[in-house]
Amino acid sequence: MGKHPMAAREGAAHTDWRLRLALAGTLLAVVVVVLGAFTRLVDAGLGCPDWPGCYGHLTWPNEEHEILTANQAFPHAPVETDKTWPEMVHRYFAGSLLLLVGGLTVLAWRRRGQRAFKQTHILLALIILQAAFGMWTVTLKLWPQVVTAHLLGGMGTLAMLWLIVERLRNKGRTIPVHEYRALQKIRPLAIAAVVAVALQIALGGWTSSNYAALACADFPTCHGEWWPESDFQQGFNIAQQIGPSYLGGTMESDARTAIHVTHRIGALLVSLLVLALAALAWRAGSRRWAVGLAGALVLQVGLGIANVVLYLPLPVAVAHNAGAALLLLGLLTFCYRIQTVQPATRQT
C-alpha cells in the first residue's frame with residue numbers, strides 16, 4: 001500500500017532540507033580544508049598557543065593593550081598578528097561546520113528510516129574527533145602524527161558530506177546495459193584508485209607536517225640525482241616522541257628527502273591508476289567521466305610540479321590541497337555511481 005500523499009510530501013520536503021544542509025556543509029568543508037592548508041602553509045598552526053580561544057580572547061588580540069597583556073600571559077609565545085587571525089578564522093569555520101552537521105543529525109533523527117541516517121551519525125562522530133585533533137594540534141605543538149591525522153580527518157569529513165549529498169539525491173540512475181556491464185568490470189580499479197589517492201593524501205600530509213615539500217628543489221631529479229641520499233627509517237618513524245615544538249620540522253635533510261621522494265613515487269603510481277581508469281571509462285562509454293578524472297589528475301600533478309620549481313608559492317600550495325580534494329571527490333563519486341547505477345533494460 002502506497003504512502004499517504006501528504007506524508008510523501010512531508011518526507012520529500014524533509015529530504016530536501018537535508019540535501020540543502022548537506023550541500024551547504026560540503027561547501028563549508030571545502031572552505032575549512034582550504035583554510036586549514038593556508039593556516040599550515042603560513043606557519044600559523046601555533047598562531048594561538050591556547051585552545052579554543054586565542055591568548056584568552058574569543059577572536060584574537062589586535063589592540064596594543066591586548067597584545068601587551070597576551071605577551072605577559074604567554075611569554076614563551078609572543079603574539080604574531082599575521083598568524084593569529086588565520087588560526088582563529090579556521091577554527092570558527094570548523095566550528096560552524098560542526099554545528100551544521102549537528103543540525104543535519106537532528107533532521108536525520110526526525111526521519112530515522114530514510115536514506116543516509118547511519119552515515120550522518122558516523123559523520124558527526126568523525127567531526128567531533130576532528131575537533132579533538134584540532135585541539136591536539138595546538139597542545140602537542142604540531143606533532144606530525146596529529147597534524148597528518150587532522151588533515152585526513154578534514155578530507156574524510158568532506159568526502160562523507162559529499163557522499164551523503166549523492167545518497168540523498170540519488171533517484172535511480174540508469175544507463176544502457178552494455179555500458180553498465182563495462183563499468184562493473186572496472187569497479188575494482190576505481191576502488192583501488194580511491195584507496196591510492198587517500199594514501200597519497202596521507203603521504204602529502206606527512207610531507208607537509210615534516211616540512212619536506214622543498215626537500216628536493218629540482219624536478220624531475222632530486223638534488224641532481226634520480227635516487228638521492230635518503231634516510232627512510234627516520235623519515236617514516238611514526239613512533240617519534242612528542243617534542244617541545246615541531247614548528248619548522250625537526251628531521252634531518254636526508255629524512256625529509258626520503259619523504260619527498262616517496263611522495264613523488266606515490267604521485268606516479270596514482271597517475272598510472274587514474275589514467276588507466278580514465279581510459280577504461282572512455283572505452284565503457286563514460287567519456288565525460290574519463291575526461292573529468294584525467295583533467296583533475298593533470299591539474300593536481302601540474303600543481304605539484306609547480307610547487308617544486310616555483311619554490312612553494314602560497315597560492316599554488318593551497319591550490320594543491322584543494323586539487324587533492326577535487327580528485328578524491330571525483331573518484332568517490334565515480335565509484336558511488338558505478339555501485340548504484342542500474343541498467344536501463346534487463347536481459348534474460
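These legends describe close-up views of a predicted model. Residues are numbered from 1 along each chain as its sequence is written, and side-chain values use heavy atoms, with hydrogens and water left out. In this predicted model, local features need pLDDT of at least 70 and side-chain atom pairs count only at pLDDT 80 or more, while totals for chains, interfaces and linings use all residues.

**View 1. The largest nonpolar core.** This core has 53 residues. A nonpolar core is a set of buried Ala, Val, Leu, Ile, Met, Phe, Trp, Tyr and Cys residues joined through side-chain atoms within 4.5 Å. Buried means under 20% relative accessible area, exposed means over 50%, and partly exposed lies in between (1.4 Å probe, protein chains only). The members that touch the most other members are Leu97, Leu277, Leu328, Leu331 and Phe334. At least two core residues come from each of several helices, including α1 (5–41), α3 (81–110), α9 (253–284) and α11 (314–340). Helices (H or I, at least four residues) and strands (E, at least two) are DSSP runs, numbered from the N terminus. A second, separate core has 8 residues, among them Cys54, Ala70, Phe74 and Val79.

**View 2. Surroundings of Leu97.** Leaving aside residues up to four places away in sequence, Leu97 touches Gly25, Leu28, Ala29, Val32, Ile127, Thr157 and Leu161. Contact here means heavy atoms within 4.5 Å.

**View 3. The disulfides.** The whole structure holds 2 disulfides, each a pair of cysteine sulfur atoms within 2.5 Å. Cys48 is joined to Cys54 with an S to S distance of 2.1 Å; the torsion about this S-S bond is about -80°, so the disulfide is left-handed. Both Cys48 and Cys54 are buried. Cys216 is joined to Cys222 at 1.9 Å, S to S, and a torsion of about -70° about the S-S bond makes this disulfide left-handed too. Cys216 and Cys222 are both buried. With the bonded cysteines numbered in sequence order, the pairing is 1-2, 3-4.

**View 4. A nonpolar surface patch.** Trp226, Trp227, Phe232, Ile265, Leu268, Leu269 and Leu272 make a patch of about 810 Å². Patches are made of residues with over 30% relative accessible area and no salt bridge, with like charges joined within 9 Å and nonpolar side chains (Val, Leu, Ile, Met, Phe, Trp, Tyr) within 5 Å. Accessible areas come from the Shrake-Rupley method with a 1.4 Å probe, and for residues only the protein chains shown count as cover. Helix α9 gives the largest share of the patch, 4 residues. Trp227 sits in the loop between α7 and α8 (232–235) and is exposed, with a relative accessible area of 54%.

**View 5. Salt bridges around Glu166.** Glu166 pairs with Arg169 in a salt bridge, the closest N and O atoms being 2.8 Å apart. A salt bridge is a side-chain nitrogen of Lys or Arg within 4 Å of a carboxyl oxygen of Asp or Glu. Glu166 and Arg169 are 3 residues apart in helix α5, about one helical turn. The side chain of Glu166 also meets that of Arg337 in a salt bridge (3.0 Å, N to O); this pair links distant parts of the chain, with Glu166 in helix α5 and Arg337 in helix α11, 171 residues apart. Glu166 is buried at 0% relative accessible area, whereas Arg169 is partly exposed at 31% and Arg337 is partly exposed at 24%. Salt bridges link Glu166, Arg169, Arg173 and Arg337 in a network.
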